[in-house]
Amino acid sequence: MAVSSPSPDLKSSPLKEPHISHQPVTLQNWYKKINWLNTTLVVFIPLYGLYLTRSTALIRPTLIWSILYYFMTAFGITGGYHRLWSHRCFSAHLPLRIFLAFTGAGAIQGSVRWWSANHRAHHRWTDTMKDPYSVMRGLMFSHIGWMVLNNDPKVKGRTDVSDLDSDPVVVFQHKHYGKCLLFTAWVFPMLVAGLGWGDWWGGLVYAGIIRACFVQQATFCVNSLAHWIGEQPFDDRRSPRDHVLTALVTMGEGYHNFHHEFPSDYRNAIIWYQYDPTKWLIWLFSKIPFFPQAYNLKTFRSNEIEKGRLQQQQKAIDRKRVGLDWGVPLSQLPVIDWDDFRAQANANGAALVAVAGVIHDVSAFVAEHPGGKTLIKSAIGKDATALFNGGVYEHSNAAHNLLSTMRVGILRGGQEVEVWKSDASRLGAKDSKGHMVVGAGEQITRIGAPVSAAVAA
Ligand SMILES: [Zn+2]
Ligand SMILES: [Zn+2]
């Protein structure tokens, strides 16, 4: 905002430096561009964990525990952070909320409150600079760059997360996030393995550090890969995409095109065989006999979902239609008198045939005419409406389509134009971009009832 008359003390203060993210990298400032805390949590500790695996044996119970805890903490993010708190796709009773806040903290991705604020901004400003992990800033930025770099907090879009402040679980977890992280990410998995089967160190390395690294990389894929690879069955104006591979990696979050269209739906996959274990688990939690933990599961009506799908299909069809040759639009054709048509029918190598008030130059097609040269030549300089529409042969839809690519003019006056005018409704259909739509059997050269039938009646 421009300030016309700054106050004296403002005037004397030195100009504020731009945020580090807006400054060019130099040997003196490069380290300021890095968010060292986040980089430690998502890069250095996982790398150190990988190094430790060289000297740490992985025993079977620890492997099973690591995989189990992987799914628990991933569900803390997908079912808790994402679908419960960021989008309010369902409601959960206290025990489930505590479980989700506990396991979600073990995924080392920040507190529920911080995560949800970013995620709501991501949905509201997808693909813009206000989107904290916009894929428009590169695949690597959307995956991990946004975490490890110091970003200007003024750039990120602001969102309202005040609803989360009424959830004491969220408030407690946010307030004590550091302790929650330490305990749920590393101490708890170590305790289970240590007290359970005496593998304290293995529990820390595999079920703690390596497991958290896998959860981080998997859920980061929702922000990167799910905006990069796959189909866009509901809307292609922005980057979210549906892909089974991303779904497999992210506990079902890969049906991301659907999710961005219907974010408050507790499902990401809507077809029963699509892989969405987060949806299955939420549903199972709602079906626990006597004390269901999840309730108020929200879904969009299939009528709305199918409308969105159909509109996107229509868009794809319209785009394809524009790329095809439909002949010169009727409105751009010159109007020619009957006598001129007769006079020019054979002039300068042309071969003009009138069908339903539209003049076509069939000269390039005479030799290829499936009905033979003689028949088509006999129509040159004539009104072949009846011949073409069943008088001799009732031509196919494909023939009408082909004929339309040869049109060169419109006849003035006479009953041929009347046929066209009386059926002007055919000219009315337009696609979403205003291009004329000619449906099967609706070419202007096709008249309502076959002429042979009309003659017989
Ligand atoms: Zn997204
Ligand atoms: Zn979301």
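UniProt positions are given here in the numbering of this model, feature names are shortened, and annotations may be inferred rather than shown by experiment.

**Entry 1. Conventions.** I note that this is a predicted model, in which local features need pLDDT of at least 70 and side-chain atom pairs count only at pLDDT 80 or more, while totals for chains, interfaces and linings use all residues. Residues are numbered from 1 along each chain as its sequence is written, and chains are lettered from A and ligands numbered from 1 in the order in which they are written.

Entry 2. I looked up the annotation "domain: Cytochrome b5 heme-binding", which an unreviewed UniProt entry places on residues 333-412. The end C-alpha atoms of residues 333-412 are 12 Å apart, and the span is 31% helix and 19% strand. Helices (H or I, at least four residues) and strands (E, at least two) are DSSP runs, numbered from the N terminus. The chain is divided into domain 1 (17-311) and domain 2 (330-456), with bounds that come from an automatic or database domain assignment. I find 62 Å between the centres of domain 1 and domain 2, taken over C-alpha atoms.

Entry 3. For "transmembrane region", the unreviewed UniProt entry lists residues 34-51, 63-82, 94-115 and 180-198. Residues 63-82 are 100% helix and 0% strand, with end C-alpha atoms 27 Å apart. Residues 94-115 are 73% helix and 0% strand, and their end C-alpha atoms lie 20 Å apart.

**Entry 4. Helix α4.** Helix α4 (residues 94-105) has twelve residues and reaches 16 Å from its first C-alpha to its last, close to the 16 Å expected; the expected span is 1.5 Å times one less than the number of residues. In α4, I list L96, R97, L100, A101, T103, G104 and A105 as buried (20 or more other C-beta atoms within 10 Å of the residue's own; exposed means 12 or fewer, partly exposed in between; C-beta atoms are placed from the backbone).

**Entry 5. Nonpolar cores.** A nonpolar core is a set of buried Ala, Val, Leu, Ile, Met, Phe, Trp, Tyr and Cys residues joined through C-beta atoms within 7 Å. The largest has 58 residues, of which A74, F90, V112 and C221 touch the most other members. Helix α9 (residues 200-223) gives the most to this core, with twelve residues. Apart from this core lies another, of 19 residues, among them L352, A356, I359 and I376. Leaving aside neighbours within four places in sequence, V112 is in contact with residues including A101 and G104 (contact: C-beta atoms, placed from the backbone, within 7 Å).

**Entry 6. The sheet.** Which strands form the open sheet, and in what order? Four strands form it, in the order β3-β6-β5-β4, with mixed pairing; two strands pair if DSSP finds at least two bridges between them. β3 and β4 stand at the edges, each with a single partner strand, so one side of each has no neighbour in the sheet. Strand β3 (residues 335-336) runs parallel to β6, joined by two bridges, and I336 has L411 as its bridge partner. Strand β5 (residues 358-361) runs antiparallel to β6, joined by three bridges, and I359 has G409 as its bridge partner. In β6 (residues 407-411), four of the five residues are buried.

**Entry 7. G357.** I located G357 in the loop between β4 (352-355) and β5. Why does G357 count as buried? G357 counts as buried because it has 23 C-beta neighbours inside 10 Å. The C-alpha atoms of G357 and T445 are separated by 8.0 Å, although these residues are 88 residues apart along the chain.

Definitions and conventions
Contact = placed C-beta atoms within 7 Å.
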